[in-house]
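Dear colleague,

Here is the structure I am handing over. My notes on it follow below.

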Amino acid sequence: MIAKPQIAKSSAGAAPAITVENLSFTYHGSDEPALRGISFIQSAGEMIGIVGASGVGKSTLAKCLNRIIPEFEGGRFAGRVIIGNRSFEDLAVHDVAGAVGMVFQDFEAQLFSTNVAHEVAFAMEQAGMSRAEMVRRIGPALQAVGLAGFEHRDPTTLSGGEKQRLAIAAVLALEPGVIVMDEPTTDLDPEGRAEVFALIQHLRAQGLTLVVIEHETGELRGCDRILLMREGAIAADAPPGELFTRIDLLEESGVRPPDLNRVLAGLGISQPADDVDQAEVLIRCTFPNLPHPLASAIDAPSDSMKLSAETPLVELNDLTFSYAADRRALDAVSLKVMPGEFVAVIGQNGSGKTTLAKHIIGLLTPERGRVMLDGRDRSQLRPAESAHLVGYVFQNPDHQIFAATVEDEVKFGPRNFGLPADEIEHRCAEVLRAVNLEHERAADPFLLGKGQRQRLAVASVLALRPRLLILDEPTTGLDYREQRRMMTLVSDLNRAGIAIVMITHTPSLVAEYARRVILMRSGRIIFDGPVGGFFAQHELLRTSSFRAPEVIELAARLGTIAATPEKLANWIRDHR
Amino acid sequence: MPLYFYIDRAGVLHRLHPTVKVLALFVMFWSVYWVDHPLALLPLAIVIMLAARSAGAWPNFYRLRWLFVMVIFFTALAWMVFYRRGPALLDLGIIHLSRASLLFGFGRGLKLAELLATSVVFLSTTKIEEFTVGLLSIGVPYRAGFAITLAFRLAPLFMDSAVTVYQAQALRGYDFNRGGPLARVKRYVPVIIPVFMGSLRKANAMAMALEARGFGRLSQPTSFIEYPIAARDVIATIILIMIAAAYFMIYYSGYGAISLK
């Protein structure tokens with residue numbers, strides 16, 4: 001049973017920008033309400049972060065604020081949403097656009113024009129503004145998001161972070177009182193994420209009223225308040241400094257607590273930390289005898305790569321490939337992946353990670369160089385042989401799911417290779433158990449949650465029993481609980497002897513799960529070594545726009561290398 | 001590989017008024033419609049090639065080169081099966097090769113290729129926004145015009161998605177080339193379903209984003225981009241009207257038809 005929180009106003013005296021009164025909503029065709037009696041008041045200029053597991057109603061709540069619900073997505077709607085002092089009950093979504101701006105996760109789906117300036121003008125055209133007024137507003141809007149000078153660029157040529165900032169500029173141009181952002185950085189690489197969060201802080205400093213839905217709690221520390229949602233209701237409404245110390249509540253709610261607070265809580269320190277400096281001070285005050293770090297201890301990698309006499313599972317020699325004549329997507333790349341390894345491949349979008357993977361699985365043929373799988377030339381292998389060596393799980397599970405049932409989806413691959421029926425049945429049962437979907441055998445895959453679909457995609461590749469599994473961004477769009485489940489599965493597979501190559505943008509996954517990291521930039525490998533050694537290379541991290549997880553930074557300050565809050569807390573207890 | 005056809009240049013064709021570009025598209029389709037003989041279609045082919053050269057559209061033609069070859073070859077071949085007129089030069093049963101079937105088949109292939117080439121030049125020189133303005137100027141309602149132009153923008157994205165899905169299924173050992181022609185078409189179900197579902201999701205996300213930006217609030221929104229009529233637009237319009245009239249005259253006088261003698 002979730003306790004109903006008090007309706008809170010953090011900025012005493014400030015006029016309310018959003019008032020939500022007893023809001024409930026049930027989607028058509030569903031018996032379960034997506035929202036259950038939500039009430040809160042947000043003052044003008046306040047920034048509220050909304051956290052919660054997938055499916056608890058965060059996006060539903062956001063859509064209620066600008067009338068997408070119930071106008072666009074129908075269902076049973078009850079309660080009131082008041083923006084400023086006006087209720088929009090009788091208005092359509094497009095009538096509310098000037099009052100509530102909305103930024104969505106999928107930045108590709110928000111851009112409609114062939115020119116940045118026109119993209120910003122689009123909403124103003126819809127509002128019937130004069131061209132002079134549009135010209136007056138476009139400059140400041142682009143200036144605010146750091147895209148001044150991009151007016152004539154084609155939006156498709158922008159990076160992910162730039163596209164999302166453009167989407168925000170398009171909203172800003174209407175000068176709405178409230179901006180709602182629904183997971184605006186989920187599809188972005190680390191550089192893009194950093195750009196968007198810096199912009200959000202900038203907008204906040206300008207006094208805009210912001211509602212930001214986000215899985216990464218660490219990014220919401222600058223909010224005035226956090227709403228924690230569970231089962232369609234608000235389970236907690238508190239400032240981040242207070243809520244983010246309630247580790248058990250967050251974890252029960254499927255929300256990842258900030259790593260620094262997890263370390264502190266593990267040491268019995270109840271105060272929160274906003275950054276690594278604060279955390280270090282709190283720890284050193286509590287444990288004054290903790291040793292100070294030696295430079296050599298920080299820089300020494302804790303793990304080392306084993307030299308093996310085994311035949312490499314993958315061997316790339318001098319691999320070169322270009323999509324266009326003027327730029328190499330891969331430039332003389334050489335590497336080996338040994339049986340049983342767990343390798344993380346990282347780098348900005350366009351650095352060559354997916355191109356590299358596509359060469360290993362044979363979707364691309366190199367202009368120069370050779371791909372060897374298990375000591376044999378890739379080009380000489382029959383499809384069944386290569387499928388037994390390498391499996392590839394695409395970033396978006398929906399790029400492969402098509403069958404009517406989970407079972408049929410898993411059996412699709414083995415059937416294609418003509419395996420006997422009893423063998424197919426055996427493998428199907430085995431992999432569904434491995435991915436924890438054995439009770440969903442008869443379910444329609446399209447009705448599963450994103451995390452389940454991602455695990456189904458893994459299962460359908462595992463059914464071919466590859467010795468190496470390549471996963472392209474396996475946790476994108478998953479909440480904390482689903483991410484943990486997914487990565488536990490991947491770890492278990494690795495322990496069972498399957499080599500893993502994981503393409504990822506998430507530093508914490510690299511730190512917690514991988515043993516070796518390959519950093520790519522402009523089609524070249526610029527680092528290939530143990531994870532511990534990688535995170536000790538501060539200059540390399542800085543120039544790669546890849547931020548080490550805070551727990552690793554804190555560990556380095558304290559003189560050790562630890563990938564998880566639990567390991568660091570244990571180390572501190574052992575050395576206090 | 002670029003997903004879109006538009007080539008950002010400041011050429012004469014690029015700078016034509018959107019209405020004139022839509023008129024050009026209509027005139028080319030009109031002219032192609034009235035004649036069958038390859039020789040009558042040849043001047044249009046030359047006009048299109050000159051336009052392509054002026055627009056710098058060759059990279060797009062190069063991308064589609066095999067499509068052009070296939071369209072002409074297979075259309076010509078197909079009409080040798082169905083167009084069985086004129087004395088046979090070679091009769092292979094199903095294929096009736098005569099001067100008339102050759103000319104008619106090649107003419108039909110050339111027609112389709114010219115329609116395709118006109119579209120390529122149009123898309124190489126026309127931005128989505130201009131396309132919308134062009135459609136509005138001939139009386140298409142704003143919502144419909146926007147939807148049509150958005151479809152052009154989305155089509156390459158869906159093609160890209162289809163390639164990824166195709167690769168995902170092929171990696172699981174799926175053989176798309178097994179069986180006869182009908183069976184092969186059916187074997188694309190594992191591609192069609194994910195692409196269709198993905199398209200629905202994308203379309204839904206776009207529709208929401210459009211509404212959230214105020215789309216549909218006014219039946220005639222204002223326009224940020226202004227398109228003043230220039231002398232080149234007047235000249236182009238006169239040339240287009242002359243082409244349209246000339247091709248109707250060719251049809252009317254019977255010169256564009258294929259003689260069975």
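The contact between the chains takes 58 residues from chain A and 46 residues from chain B, where contact means heavy atoms within 4.5 Å. This is a predicted model, in which local features need pLDDT of at least 70 and side-chain atom pairs count only at pLDDT 80 or more, while totals for chains, interfaces and linings use all residues. Residues are numbered from 1 along each chain as its sequence is written, chains are lettered from A and ligands numbered from 1 in the order written, and side-chain values use heavy atoms, without hydrogens and water.

Chain A and chain B bury about 4,900 Å² between them, 61% of it on carbon and sulfur atoms; buried area is the accessible area (1.4 Å probe) that two parts lose on being put together, summed over both. On the chain A side, H94(A), F112(A) and Q126(A) lose the most area to chain B, together 16% of what that side buries.

The interface of chain A and chain B has 4 salt bridges (a side-chain nitrogen of Lys or Arg within 4 Å of a carboxyl oxygen of Asp or Glu). E119(A) forms a salt bridge with R213(B), with the closest N and O atoms 2.7 Å apart.

Within chain A, helix α17 (residues 450–462) packs against helix α18 (residues 480–495) at an angle of about 15°, their axes 9 Å apart. Helices are DSSP runs (H or I, at least four residues), numbered from the N terminus; axes are lines fitted to C-alpha atoms over the stretch in contact, and angles run from 0 to 180 degrees between N-to-C directions. The angle makes α17(A) roughly parallel to α18(A), a term for angles under 35 degrees.

Regards

Methods
Helix = DSSP H or I, 4+ residues; strand = E, 2+ residues; numbered from the N terminus. Parallel < 35°, antiparallel > 145°, perpendicular 65-115°, else oblique.
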